[in-house]
Amino acid sequence: MSIIALVRVAWEAIVRNRVRSLLTMLGMIIGVSAVVITISIGVGAREAVSAQITGLGSNLLIVIPGSVTLNGVRTGTGAASTLTPEDGLAIAKLPKVAAVSPGVGVSAQVVAGENNWYTRISGVAPTFTYIREWHMASGSFFTDADDAASAKVCVLGQTVVENLFPGGENPLGKTVLIRNVPFTVIGTLARRGQSASGQDQDDVIMIPYTASMQRLTGTWFGGFVNVIAVSAADQPSIPLVQNEITELLRQRHRIVAGMDDDFDVRNLQDIANAAAASATTMEFLLAGVAVVSLLVGGIGIMNIMLVSVTERTREIGLRIAVGARSASILLQFLIEAVVLSGVGGLIGVVLGIVGAGAVAIFGHWPMAVPVVGILLAFSFAALTGIFFGYYPASKAAHLDPIEALRFE
Amino acid sequence: MPDTPVVRLVDVHKTYVMGDQSVAALDGVDFSLDPGEFVAIMGPSGSGKSTLMHVIGLLTRPTSGQYFFEGQDVSSFSADDLADLRSRRLGFVFQSYNLLARTTSLENVELPMVYAGVHADQQHERAMRALEIVGVPEMAEHISNQMSGGQQQRVAIARALVNDPSLILADEPTGALDTKSSEEIMNVFTQLNAERGMTILLVTHEPSVGRKAKRIITFRDGKIVGDGPTAEVFKHETIAL
């Protein structure tokens, strides 16, 4: 008998037992949708993390001061004052370095007209916008000339604009008092939103680092900066640049072999890789859980098929009596199992995509529909159907028709 | 060859082994059934008449002896060959009808054609014709549990004859029916035999049912103990049924 006729027979049997068929498929539906959702979560989370990290800046390296030991007490990283603007200039001369910006940070009360606000004042170089890939909303960023002149100019983040100029007036050309020093607003930064750690990146005022050191922090004569941001020429040269900076600074700081660095060079690519690796680990974990649930779904199919074979013993006996070959019986039950798991798998894929969309909305990350994952989950479901459907099917095919017909 | 018997058994034995005991359900049966015959096998329960039915119906193989179905020695046939013979040359009617649950009469009657490889286009028409022959064409779209026992058994007979078999085997076909339905079903068999020349072999322990057949074989302890035309058999009061 033809396979089409067999598929028809199997389909009729499934439709005749609607409730049981649906219950049988439930395991597959849950298993497959779990696989699709988890893979989608994994891919979406990975994309979100990598977007956040590339958002920090292009090929970014961060140099911060190391810890100091004072009378046996070790301070934390970044506490020491060891980095100078000259270190930054020296780093800028390294071959594979695209841009360098020293950073001097301070928090201060700022006043504009009748409004005041407490915010972060970030002293940076003009290269900062390039290094952090940060764009202007209006006006322009300060220049090397402003830097050289320690010019009293500033660029405002959007949160500061909202708080100092609430009426929507144009801040350009206005004066902002930072620790009673008047700075002229020459530009506003594009909105950036929260950082990966939840900090409001728009709550900032940028000024030339020279102006910051001279007029605000009073570190001009000591000449120390809090941080040096470095942009490598390209991604592959990041580790090279990292080593070169370390070598250069050890030399400049006269650190002999065996002594600890008094600075720290952080490579954001490492962080990105670590994040990606943990996302991958998570994905494998979730996929593992999902595969287990698929297996359980398959065993569910086997159980119900076994019950079904027992329940339909007389039907099987009759089919054999009216001339079904045992291969026909085997195929009928196998096809039933495969159709059940296949249809269950399809429903699972649809539910999975819907679920993945919902999770993406709640998780605020890009919706990812993993086509390969869906195909894998679906074929795995069908394979499970064949694998777990075979035993009940062969049990049915080898029934003794006489016993089967007498079965009550 | 019109003279070739539909069924010919030569010294057939069937022994069941239960534990260390073996039971001879068929103990040297010689028997022949010609085309157009209407035969009832009668005997007490446990006499082996059901086993004989199963052997003739190709549902089980004899332990020893020869079985010629339409002249062919089927002892060398594979299981698939036997399945094909069952689907094309045999029709079964059971005591408990054995219609598929939640399935229409039409689909039930179509079932043997599915396995016999009858083209899907012809199945509907042939099933309808079979339902007309047994007198229940109006039941075509009814599902089995909406019908009376007599109606279900008629559908089952339609299913048995739909592939135009050379032999219909009926195992206690009236066992679950009341007297009136019983009589109606027996009339269907009588008609099939008389008008269509259908060869029918039925097993029963009810004399009133056996009386409708043309030839009666009495069976006891796995052996044929009597074989003759119905009128003759029922003349002798010695027969204990």
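In which sense, parallel or antiparallel, do strand 6 and strand 7 (residues 167-171) of chain B pair? They pair in the parallel sense, over 4 bridges.

All views show a predicted model, in which local features need pLDDT of at least 70, side-chain atom pairs count only at pLDDT 80 or more, and totals for chains, interfaces and linings use all residues. Residues are numbered from 1 along each chain as its sequence is written, while chains are lettered from A and ligands numbered from 1 in the order in which they are written.

**View 1. The open sheet of 6 strands in chain B.** Its order is 6-7-8-3-9-10, with mixed pairing. Strands (E, at least two residues) and helices (H or I, at least four) are DSSP runs, numbered from the N terminus. Two strands pair if DSSP finds at least two bridges between them. Strand 6 (90-93) and strand 10 (223-229) stand at the edges; each has a single partner strand, so one side of each is left without a neighbour in the sheet. Neighbouring strands are turned by 15 degrees against each other on average, direction ignored. Axes here are lines fitted to C-alpha atoms, for helices over the stretch in contact; angles run from 0 to 180 degrees between N-to-C directions. B:G91 has B:I168 of strand 7 as its bridge partner.

**View 2. The antiparallel open sheet of chain B.** Its 4 strands follow the order 2-1-4-5. Strand 2 (21-33) and strand 5 (72-73) are at the edges. Strand 1 (residues 7-18) and strand 4 (residues 64-69) pair over 5 bridges. B:H13 stands opposite B:S64 in strand 4.

**View 3. Helix 1 of chain B (residues 49-56).** The helix lies across strand 1, strand 2 and strand 4 of chain B, at about 60 degrees to strand 2. Contact requires C-beta atoms, placed from the backbone, within 7 Å. Helix 1 is largely enclosed by the rest of the structure, because 7 of its 8 residues are buried. Buried means 20 or more other C-beta atoms within 10 Å of a residue's own, exposed 12 or fewer, partly exposed in between. Among the buried residues are B:K49, B:L52 and B:H54. Just after the helix, B:L58 takes a positive phi of about 60 degrees.

**View 4. The contact between chain B and chain A.** Chain B provides 21 residues and chain A 17 residues. Helix 2 (79-89) and helix 3 (105-116) of chain B each supply at least two residues of the chain B side. Helix 2 gives the most, with 6 residues.

**View 5. B:R196 in helix 6 (residues 179-196) of chain B.** B:R196 counts as exposed because it has 12 C-beta neighbours inside 10 Å. Its C-alpha atom is 8.6 Å from that of B:G36, 160 residues apart along the chain.

Terms used. Contact = placed C-beta atoms within 7 Å.
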